[in-house]
Amino acid sequence: MTTVALKDVTKVFPDGTVAVDNVNLDVADGEFMVLLGPSGCGKSTVLRMVAGLEDPSSGAIMLDGVLANQLAPRDRRIAMVFQDFALYPHMTVGDNIGFPLRLSGVEPQPRQERVADVAAALGIGDVLARKPSQLSGGQRQRVAMGRAIVRRPGLFLMDEPLSNLDSGLRAELRAEISGLVHELGVSTIYVTHDQAEALTMADRVAIMRKGVLQDVGTPTQVYGKPATLYVAAFLGSPRMNLLEASVYVHLDRYVQLNLGEQSLYLRWDDIRARAVSHYHGERIVVGVRAEALMPVAPDTPGDVLQGRIRYLEHHGHESLAFVDIGATAVVIDELGGAPAEGTDENGNRGLRRFGHVLSRLSGRATP
Ligand code: ATP
């Protein structure tokens with residue numbers, strides 16, 4: 001199979017556009033890596049450089065530990081799947097799937113056998129004689145997948161392969177694709193701007209912005225502990241609450257987090273206090289997910305913030321409360337999330353989980 005490593009890879013187009021800016025990224029053997037980011041952030045350019053369709057301006061692209069910058073696309077053992085599927089309309093499904101085998105000179109008999117196997121694995125064995133125009137969107141997507149896997153590539157490159165499908169089918173196919181790819185054990189780089197796709201399909205997610213890699217990690221890591229404020233604001237719905245606070249350590253007995261009009265006092269034996277104590281005297285941004293905050297009665301003792309509920313939003317499976325804590329607006333999952341790591345379990349807390357320190361701000365803290 002295949003490992004991929006991008007080392008200090010930059011792509012500047014002739015018009016001066018810096019599409020990819022010093023990206024370092026490793027894809028392990030058999031890993032499903034999702035490149036996520038808004039339109040124009042450079043995801044497709046990364047993919048095209050790995051495919052050999054675009055040359056990096058600087059840096060190295062390594063395949064299986066070997067420098068591949070000069071390697072022709074056909075020598076990279078790569079199969080690509082695009083959003084428009086790029087099927088040949090005049091060919092049958094069977095001929096479309098078998099096309100890469102025909103190109104590499106495989107005889108008709110073994111070719112047909114291999115096509116039949118692949119089509120059966122994808123559940124499209126009964127439509128081999130049809131033309132693409134006689135298929136549903138989901139079937140066309142499967143044919144495109146079939147054509148990609150038929151030659152047993154070492155690496156799949158997929159560029160928004162589900163974006164032309166309706167949302168129900170997308171959800172169904174994303175489970176199917178990641179299941180199939182994991183079953184085959186083929187390393188995959190999958191480009192999308194859809195975070196639900198990224199978080200549900202990926203082994204690891206790489207988040208890009210304006211050509212720069214912002215964060216790489218498992219879906220749980222990038223969702224729970226985003227590396228930058230940008231990722232915190234980009235991932236998740238509702239977005240992560242971002243609270244600006246000044247940190248003040250009081251004679252090592254408790255830590256005060258001054259949020260402006262209110263302070264949160266964390267006892268020293270609370271691991272959340274220790275997590276921020278080394279920011280003494282600094283202003284920080286704390287990221288707290290809605291599901292980590294829990295509403296309690298106003299007179300609840302302990303480290304509780306007083307908030308004013310502006311409105312409630314009911315979503316069927318959850319209700320969100322939009323709350324003002326002084327000048328800061330936060331979103332709370334009304335029912336409260338499952339107990340999170342590092343929380344103490346004595347229940348009545350306004351802020352059940354402290355969250356994740358995202359950034360140091362300039363300026364001195366005031367107690
Ligand atoms: P999308 O999700 O819209 O496909 P993307 O994240 O895949 O976006 P890219 O297609 O990689 O982004 O483009 C990154 C940047 O490079 C964009 O600003 C784009 O306009 C620019 N770009 C892409 N191809 C070229 C080119 N051939 N010449 C000049 N600029 C280009």
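Modeller: Of the 367 residues in the protein chain, 38% count as buried. Here "buried" means that 20 or more other C-beta atoms lie within 10 Å of a residue's own, "exposed" means 12 or fewer, and "partly exposed" is in between, with C-beta atoms placed from the backbone. Please remember that this is a predicted model, in which local features need pLDDT of at least 70, side-chain atom pairs count only at pLDDT 80 or more, and totals for chains, interfaces and linings use all residues. Residue numbers start from 1 along each chain as its sequence is written.

First, the setting. The protein chain has nine helices and 18 strands; these are DSSP runs numbered from the N terminus, with helices being H or I of at least four residues and strands E of at least two. The domain assignment gives domain 1 (4-234) and domain 2 (241-364), and such bounds come from an automatic or database assignment. Taken over C-alpha atoms, the centres of domain 1 and domain 2 are separated by 40 Å.

A290 sits in the loop between β14 (282-288) and β15. With 23 other C-beta atoms within 10 Å, A290 is buried. Who are its partners? Leaving aside neighbours within four places in sequence, A290 is in contact with P238, N241, L320, V331, I332 and D333. "In contact" means that the C-beta atoms of two residues, placed from the backbone, lie within 7 Å. For a sense of distance, A290 and N24 are 266 residues apart in sequence and 32 Å apart in space, C-alpha to C-alpha. Across the whole chain, 65% of the contacts with a separation of 6 or more are between residues 24 or more positions apart.

Let us follow one of those partners, P238. P238 is found in the loop between α8 (229-234) and β11 (241-250). A cis peptide bond joins S237 and P238, with omega at about 0 degrees.

Strand β15 (residues 308-314) and strand β16 (residues 319-325) run antiparallel and are joined by six bridges; two strands count as paired if DSSP finds at least two bridges between them. You can find R308 opposite D324 in β16. The hairpin of β15 and β16 has four residues between the strands, and G316 there takes a positive phi near 85 degrees.

On the way out, β16 also pairs with strand β17 (residues 328-333), again in the antiparallel sense and over six bridges. Here D324 stands opposite A329 in β17. The hairpin of β16 and β17 has two residues between the strands, and G326 takes a positive phi near 60 degrees.

The 13 residues of helix α4 (residues 137-149) should span 18 Å at 1.5 Å a residue, and the end C-alpha atoms are 19 Å apart, which agrees. The expected span is 1.5 Å times one less than the number of residues. Ten of the 13 residues of α4 are buried, so this helix is largely enclosed by the rest of the structure. Among the buried ones are R140, V143, M145 and I149. The elements covering them include β6 (78-82), α2 (93-103), α3 (108-122), β7 (155-159) and α5 (167-184).

T92 lies in the loop between β6 and α2. With 17 other C-beta atoms within 10 Å, T92 is partly exposed. Not counting residues up to four places away in sequence, T92 touches L128, A129, R130 and K131. T92 and R130 are 38 residues apart in sequence, yet 5.2 Å apart in space, C-alpha to C-alpha.

One last stop is the ligand. It is surrounded by 13 residues, the closest being F13, A19, S39, S44 and T45; "near" here means a C-beta atom, placed from the backbone, within 6 Å. Helix α1 (residues 43-51) gives the largest share of this shell, three residues.
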